[in-house]
Amino acid sequence: MEENRYNPEGSQLRDYQLKLLDLLVEFDRLCEENGITWWLDSGSLLGAVRHGGFIPWDDDLDVCILRKDLPSIRKALRGRTPAPYAFKDMRTDGYPRLWPRFVDESCRIMRRDPVSGLPKEDELWIDILPLRPGCPRLKKMIDPLYGRCYRRILGAIHDGPVKKALAYLLWPLAMLGAGIVALGGLIFHRKSLMHDFGVPFYSIRKAQDIFPLGKITFEGHLFPAPADPEKYLTCIYGDYMTLPPEEKRINHEIIFK
């Protein structure tokens, strides 16, 4: 395909994608051993459907779990995965994100920070995005307060002691708002799934499109996928089979030497 000019065999991007694939294979193995339910999501699922693997210009992997299963995956993987692999989440010292990652600590990379635009060191990673019952429109109302407070408390935002102190003061209000939205989700939106609070994505996932999980081919491997990938992707992207224009073929700006 013409768009494969982004990642021809032997290119730095393609070699990086294959390292990510190895990480995904290990993640899948550990999840299967521990009875953890997960599935390909977002651009990774789109790549599987449209390209049979990675979107040619993509440089990350996204998977989903149910929010209620987060304690189980934390218990099974945190501190128990074979080196150099590790599960990290907000309970990991120094970890600044509101969603977990499965990483290869032996593979250090440089990427361009989306906020500052400066080079920043990171690890080879898979984003693990928890979903919970709820209404994304209501989540979007509480997310700015919740996300900014939590990121300042975690140390992911460094903008002075005054704003950090204010974050601690406002945190109970953010927690109250999130609790109300979460309770409403359990009562009124049980079959609609949204990303966890503070994660700035607002497309809805429908439980009937996900379960029971199926399998899909991704780079020659079979991985868990939603039961109806077409409906799942349509909810997220609309016309997902049409390639985006060149200027919208974005990635995480890994800096290759």
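## The enclosed space

A cavity is a set of grid points where a 1.4 Å probe fits but cannot get out. In this predicted model, the largest cavity holds about 50 Å³ of space. A search of the whole structure finds one cavity of 30 Å³ or more.

The largest cavity is lined by Leu 70, Asp 89, Met 90, Arg 97, Leu 98, Trp 99, Pro 100, Pro 130 and Asp 196. Six residues of this lining are nonpolar and three are charged, while none is polar.

## Overall form

The protein contains seven helices and nine strands. Its radius of gyration is 18 Å, close to the 18 Å given by the globule rule for 257 residues, so the protein is as compact as a globular protein of that length. The C-alpha trace spans about 55 × 40 × 40 Å along its principal axes.

Of the 257 residues, 49% count as buried. Among contacts between residues at least 6 apart in sequence, 66% join residues at least 24 apart.

In soluble globular proteins, nonpolar side chains tend to be buried together. Here, the largest nonpolar core has 65 residues, of which Leu 24, Phe 27, Trp 38, Leu 40, Ile 73 and Phe 218 touch the most other members. Helix 1, covering residues 12–33, gives the most to this core, with eight residues.

Phe 27 illustrates these contacts. With residues up to four places away in sequence not counted, Phe 27 touches Trp 38, Val 63, Ile 73, Leu 77, Phe 102, Ile 126 and Ile 128.

Key. Residues numbered from 1 in each chain as written. Predicted model: local features only at pLDDT ≥ 70, side-chain atom pairs only at ≥ 80, totals over all residues. Heavy atoms only, no water. Core = buried A, V, L, I, M, F, W, Y, C linked by side-chain atoms within 4.5 Å. Buried < 20%, exposed > 50% of the residue type's maximum accessible area, 1.4 Å probe, protein only. Helix = DSSP H or I, 4+ residues; strand = E, 2+ residues; numbered from the N terminus. Contact = heavy atoms within 4.5 Å. 1 Å grid on protein atoms, 1.4 Å probe; cavity = no way out; pocket = protein on both sides within 12 Å on 5 of 7 lines; lining within 4 Å. Points joined across faces, edges and corners; volume = space filled by probe spheres on them. Nonpolar A, V, L, I, M, F, W, Y, C, P; charged D, E, K, R; others polar. Rg over C-alpha atoms; globule rule 2.2 N^0.38 Å.
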